[in-house]
There are 2 protein chains.
Amino acid sequence: MTIRPSRRGSSAPTISDVARVAGVSLMTVSRVINNEANVRPATREKVEAAIAQLNYSPNPAARSLAGAAQIRIGMLYSNPSQGFLSEFLLGTLDQASRLDVQMVVEKCDIGDHEVEVARHLIAGGIDGVILPPPLCEADAVLSLLREAGVPAVVVATGRPPEAMPDAVMSVRIDDRAAAEEMTRHVMTLGHRRIGFICGNPNLTASDRRYEGFRAALEGAGIAFDEALVAPGLYTYRSGLDAAERLLDLSVPPTAIIASNDDMAAATVAVAHRRGLDVPSDLTVCGFDDTTLSTTIWPELTTIHQPIADMARAAVEMMATAIRQKSAEPAGHRLLDYSLIRRQSDAASRRRPREI
Amino acid sequence: MTIRPSRRGSSAPTISDVARVAGVSLMTVSRVINNEANVRPATREKVEAAIAQLNYSPNPAARSLAGAAQIRIGMLYSNPSQGFLSEFLLGTLDQASRLDVQMVVEKCDIGDHEVEVARHLIAGGIDGVILPPPLCEADAVLSLLREAGVPAVVVATGRPPEAMPDAVMSVRIDDRAAAEEMTRHVMTLGHRRIGFICGNPNLTASDRRYEGFRAALEGAGIAFDEALVAPGLYTYRSGLDAAERLLDLSVPPTAIIASNDDMAAATVAVAHRRGLDVPSDLTVCGFDDTTLSTTIWPELTTIHQPIADMARAAVEMMATAIRQKSAEPAGHRLLDYSLIRRQSDAASRRRPREI
DNA sequence: GCGTTTTAAGATAGCGTTAACAACAAGGCC
DNA sequence: GGCCTTGTTGTTAACGCTATCTTAAAACGC
């Protein structure tokens, strides 16, 4: 009666199901999955069709049991924004366990120290490295990796794929467009005198956000005023200084857009300290949508950057790149952002008058 | 931070190594590992000795391949403090992947809604449930679980083990002692008029912290002033109200201890809004040592609660309890806390005068 | 053409563990 | 003593995949 008393309850399709459907042997399927050479294109196609038809995906447990080389991915971090880091880590670990890859996470404080840590990581026998900001822009690290033949995924860089060396993959959002949208949103509320707090100048993503800000201004025909731009470093502390500076202006802005949530939170703090209400006296907007943005009050209007998903994507890209022994790694993913409106913005009280 | 030690390469000891050393069969070892009944104590001991000698640990991949029932642990959360939650989640996922158990995480907003969500989780076929605060005190959920015969681990409860029903495990710190130590620390700085912001009154851990505060006061012979105690809910928002209230007093406190970091951060914000410097005009202390405590400025002096470790412990206890099919689950872990001194406290400017 | 190399595909043997069942001893009951 | 329990231990066959070795087919050289 029973066809086969499978011990597993819900029997997902296995490699032999695929083999049967495709009319080839087990090994051929295995070869296709692992992207090995020596499979005729026609055969490969058949197998791929079968895989798609059955919606098959390899069982990681079996894979690692069978002695598939254990993949080890390194991650070098040094992030001033705790919220960003913890969410990134969350996504990383989650995907790593799902894909059965081993993560070697190493902290690396700022300074030229970073090259040493990277070297140490490579020496430890790593198959690839993931670099979240700010390390995603550390050229010294990047070239070290290339010399060692270790592929890398950089996350949240502002550099376009074309400008990237080979064997470097990337995951990012369109920072420029996001900042532009945010700025346009603030202008829609009637604000014309808008302050901007830059991110760490060493990061290209900061440049993109700044460009987006300026582009929106220009698109609306608002004259650019350099005094309304304050430098920042993505830290809460730097946001404090930047906000002080902007609000010290003889004609202070009615809205401030910060390049991340930490600095936006700092801006809210400074505003409160000066007796300004947020949002009725000052609109404050953040960037990234980290947990901090909903911790404080008022909760921040911000750009949601899918940090955990970006981390997951990075791990996945790296894992497949490593498994595909023959092919050379490459790939760039652009994820969607979205504007999250919360309570830190409001219409400008001065009704728009210019033009 | 290395996620999982490499097993491959110079082959780690396997179950058959253990069997050979112990002079028994494979299955007997397997039974001992999984704590099944029907193994004679003498045999069990021999096997355990062999395991210890070889430093053996089972290979999760093989285990799950061989059709070991996949353990599924549910987690019901509803935490107002984002920092707490994200760190808890981090620890949970980390340990889950290490132990090869599947986590089913379900959000459950407040209200009597929670019982339904729990029922749903049970219906989904869960082997156990982890309840971080505030759900760790939801008696309705707890009794539902007991009826269904599903074991539970409650985390960060203030309830002592004796007061816990059977089949409920717990992980916590000594909240009372921690609060007492913190209060004593603040008194050491010369403060005598110390405000206290309570946590959510539905949580027993809040009571323990409050008790610790009062005990320290009493120990120092300081008269207790009810006006210096403000209610709170562990949220930033509630901390704002509580701080306003305390600082509105005709003779405001020179130090405020909040029952968590979120409310402490809110207190700092309120102080700044009123032109008070922290710490020179007002000492503010938190509790939990979440990322928020180092995000803001000044960074908070706080009690380090090892949230991630507590989560890891909870997952581990649950996993072993489930694997030990025969034995009835039980166990209570008390982890260490520590006082972390940062920049939000300072000596009282009024030099101590009373007695 | 015929042997020789190259390439593509299949066959088989594990990887470390557990499920299912078989085997065996020790009691208990008539 | 025979026969069933009961409790403890052992045997065997998967689990889903990859390494490694073989074989079949194709390409090549002269």
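Helices and strands are DSSP runs, a helix having at least four residues and a strand at least two, and they are numbered from the N terminus. The structure described here is a predicted model. It holds chains A and B, which are in contact with each other, together with DNA strand C and DNA strand D.

**Chain A as a whole**

- Chain A contains 13 helices and twelve strands.
- The C-alpha trace of chain A spans about 80 × 50 × 35 Å along its principal axes.
- Chain A has 355 residues, of which 48% count as buried.

**How the two chains meet**

- On the side of chain B, 33 residues are in contact with 34 residues of chain A.
- Five elements of chain B give two or more residues each to this side: helix H4 (60–65), helix H5 (82–99), helix H10 (236–247), helix H11 (261–273) and helix H12 (292–295).
- The largest share, nine residues, comes from H5(B).
- Sorted by class, the side of chain B that touches chain A has 14 nonpolar, twelve polar and seven charged residues.

**Symmetry of the pair**

- Chain B is superposed on chain A by a rotation of 180° with 0.3 Å of shift along the axis, and the RMSD is 0.4 Å.
- This is the relation of a two-fold axis.
- The same surface serves both copies, since 82% of the contact residues of chain B recur in chain A.

**The surface near DNA strand C**

- DNA strand C is surrounded by 32 residues, and the closest are Ser25(A), Asn38(A), Ile15(B), Ser30(B) and Ala66(B).
- At least two residues of this surface come from each of H2 of chain A and helix H1 (15–22), H2 and H4 of chain B.
- H2(B) supplies the largest share of the surface near DNA strand C, four residues.
- The residues of this surface divide into 17 nonpolar, twelve polar and three charged.

**The surface near DNA strand D**

- DNA strand D is likewise surrounded by 32 residues, the closest being Ile15(A), Ser30(A), Ala62(A), Ala66(A) and Ser25(B).
- Helix H2 (26–33) and helix H4 (60–65) of chain A, and helix H2 (26–33) of chain B, each supply at least two residues of this surface.
- The largest share of the surface near DNA strand D, four residues, comes from H2(A).
- By class, this surface has 16 nonpolar, twelve polar and four charged residues.

**A sheet in chain B**

- Four strands of chain B form an open sheet in the order S7-S6-S8-S9, with parallel pairing.
- Strand S7 (229–230) and strand S9 (283–285) of chain B are the edge strands, and each pairs on one side only.
- Strand S6 (residues 194–197) of chain B runs parallel to S7(B), and two bridges join them.
- Ile197(B) has Ala230(B), in S7(B), as its bridge partner.

**Backbone features**

- Most residues other than glycine have a negative phi, and most peptide bonds are trans.
- In chain A, a cis peptide bond joins Val278(A) and Pro279(A), with omega about 10°.
- Pro279(A) lies in the loop between helix H11 (261–273) and strand S9 (283–285) of chain A.
- In chain B, a cis peptide bond joins Val278(B) and Pro279(B), again with omega about 10°.
- Pro279(B) is placed in the loop between H11 and S9 of chain B.
- Asp288(B) is not a glycine, yet it has a positive phi of about 115°.
- Asp288(B) belongs to the loop between S9 and H12 of chain B.
- Asp288(B) counts as buried because it has 27 C-beta neighbours inside 10 Å, and the cut-off for a buried residue is 20 or more.
- Asp289(B), also a residue other than glycine, has a positive phi near 60°.
- Asp289(B) is found in the loop between S9 and H12 of chain B.
- With 26 C-beta neighbours inside 10 Å, Asp289(B) also counts as buried.

Terms used: Residues are numbered from 1 along each chain as its sequence is written. Chains are lettered from A and ligands numbered from 1 in the order in which they are written. This is a predicted model: local features need pLDDT of at least 70, side-chain atom pairs count only at pLDDT 80 or more; totals for chains, interfaces and linings use all residues. A residue is near a molecule or strand if its C-beta atom, placed from the backbone, lies within 6 Å of it. Ala, Val, Leu, Ile, Met, Phe, Trp, Tyr, Cys and Pro count as nonpolar, Asp, Glu, Lys and Arg as charged, and the others, Gly among them, as polar. Two residues are in contact if their C-beta atoms, placed from the backbone, lie within 7 Å. Copies are superposed by least squares on the C-alpha atoms of residues with pLDDT of at least 70 in both. A residue is buried if 20 or more other C-beta atoms lie within 10 Å of its own, exposed if 12 or fewer, and partly exposed in between; C-beta atoms are placed from the backbone. Two strands pair if DSSP finds at least two bridges between them.
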